[in-house]
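Please look over the sequence and the 3D structure shown here before reading on.

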There are 2 protein chains.
Amino acid sequence: MQHDQLSSTFAALADPTRRAILARLASGEASVTQLAEPFEMSMPAISKHLKVLERARLITRGREAQWRPCRLEAAPLKDIAEWIEHYRQFWEQSFDRLDDYLRKLKAKDKRHARKPRKN
Amino acid sequence: MQHDQLSSTFAALADPTRRAILARLASGEASVTQLAEPFEMSMPAISKHLKVLERARLITRGREAQWRPCRLEAAPLKDIAEWIEHYRQFWEQSFDRLDDYLRKLKAKDKRHARKPRKN
DNA sequence: TGTACATTTAACTCATCGGTTATGTAACCG
DNA sequence: CGGTTACATAACCGATGAGTTAAATGTACA
């Protein structure tokens, strides 16, 4: 993985288990055991995923007796949202072009309505 | 990395070189050599990065004589933007809480204005 | 045809990832 | 004290990632 913040955030998100953990944490703090419960995976595996999320600053961990409650820290997500926002205009115009294309196709179909095509 | 679309998109974005390539492509098609130019990296390395981006559907490639022009395909970015949008409310309320906190700190400062603190 | 250019593929190295089992640590509880 | 609960660390493994150099492919062009 890289050292820069954005890269480690993206890398942390590139795993369905970790995204599921984040989704779970979006509805409130949880202990490691609680987070592990939905997965068919050993605790150390979960522990490692949490460490990745922690190093990406996507979560923080407290201490309460023998539990280490995890909480979501959304700041890196905001950074990603901002990064991706630069491309919004681009993908919107892409879909506009697609619209145009489909509209033209449709018009063509109309003009050639008597000539049914294959497929 | 993973097989699911979202994971491979995130994984593809978890590399500064690849993000730079996308940024370059946002301003128009480019050949592999043109894309490689800003980097101190061998051509095969760039070729591999492009393959990653292609498999993540972030770019497509045409053929024009000996050139293989690359173009940005923003659809996966849109998917990510939608995924992350679910967390928007969360990080906004996080920052609200931060605001609250700072506001309270300020109020406290005011009340204790005659007692300057250390630091 | 031969050569130059653009790009990919092959083969390799080294580090990191995602998982495992086994062991360690720290706090609670009787 | 000893046992249980909650979690982390260590050591290992196979797969993948990111880079390299060297060689192959494909197209243009004299």
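**A buried serine and its surroundings**

A:Ser7 is buried, its relative accessible area being 0%, where buried means under 20% relative accessible area, exposed means over 50% and partly exposed lies in between, with a 1.4 Å probe and protein chains only. This is a predicted model, in which local features need pLDDT of at least 70 and side-chain atom pairs count only at pLDDT 80 or more, while totals for chains, interfaces and linings use all residues. Residues are numbered from 1 along each chain as its sequence is written, chains are lettered from A and ligands numbered from 1 in the order in which they are written, and side-chain values use heavy atoms, with hydrogens and water left out.

- A:Ser7 belongs to helix 1 of chain A; helices (H or I, at least four residues) and strands (E, at least two) are DSSP runs numbered from the N terminus.
- The side chains of A:Ser7 and B:Arg19 are joined by a polar contact of 3.0 Å, a polar contact being a pair of N or O atoms within 3.5 Å, of which, within protein, one must be able to donate a hydrogen and the other to accept it, and residues adjacent in sequence count only if both atoms are side-chain atoms.
- Leaving aside residues up to four places away in sequence, A:Ser7 touches A:Gln2, B:Ala14, B:Asp15, B:Pro16 and B:Arg19, where contact means heavy atoms within 4.5 Å.

**Helices of chain B**

- Helix 1 (residues 5–13) of chain B is mostly covered, since eight of its nine residues are buried, among them B:Leu6, B:Phe10 and B:Leu13.
- The cover over these buried residues includes helix 1 (5–13), helix 2 (16–26) and helix 5 (75–85) of chain A, together with helix 2, helix 4 and helix 5 (75–85) of chain B.
- The axes of helix 2 (residues 16–26) and helix 4 of chain B come within 10 Å and cross at roughly 75°, which makes helix 2 of chain B roughly perpendicular to helix 4 of chain B, a term for angles of 65 to 115 degrees.
- Where these two helices meet, B:Thr17, B:Arg18, B:Ile21 and B:Leu22 of helix 2 face B:His49, B:Leu50, B:Val52 and B:Leu53 of helix 4, and by class this contact has five nonpolar, two polar and one charged residues.

**DNA strand D**

- Of the 22 residues around DNA strand D, those that come nearest are A:Thr33, A:Ser47, B:Ser42, B:Lys48 and B:His49.
- Sugar and phosphate account for 80% of the atoms of DNA strand D that come within 4 Å of the protein.
- Phosphate oxygens of DNA strand D lie 3.2 Å from a backbone N or O atom of A:Val32 and 3.0 Å from an N or O atom in the side chain of B:Arg18.

**DNA strand C**

- Of the 22 residues around DNA strand C, A:Ser42, A:Lys48, A:His49, B:Thr33 and B:Arg61 come nearest.
- Sugar and phosphate make up 78% of the atoms of DNA strand C that come within 4 Å of the protein.

How values were computed: A residue is near a molecule or strand if one of its heavy atoms lies within 4 Å of it. Axes are lines fitted to C-alpha atoms, for helices over the stretch in contact, and angles run from 0 to 180 degrees between N-to-C directions. Angles under 35 degrees count as roughly parallel, over 145 as roughly antiparallel, 65 to 115 as roughly perpendicular and the rest as oblique. Ala, Val, Leu, Ile, Met, Phe, Trp, Tyr, Cys and Pro count as nonpolar, Asp, Glu, Lys and Arg as charged, and the others, Gly among them, as polar.
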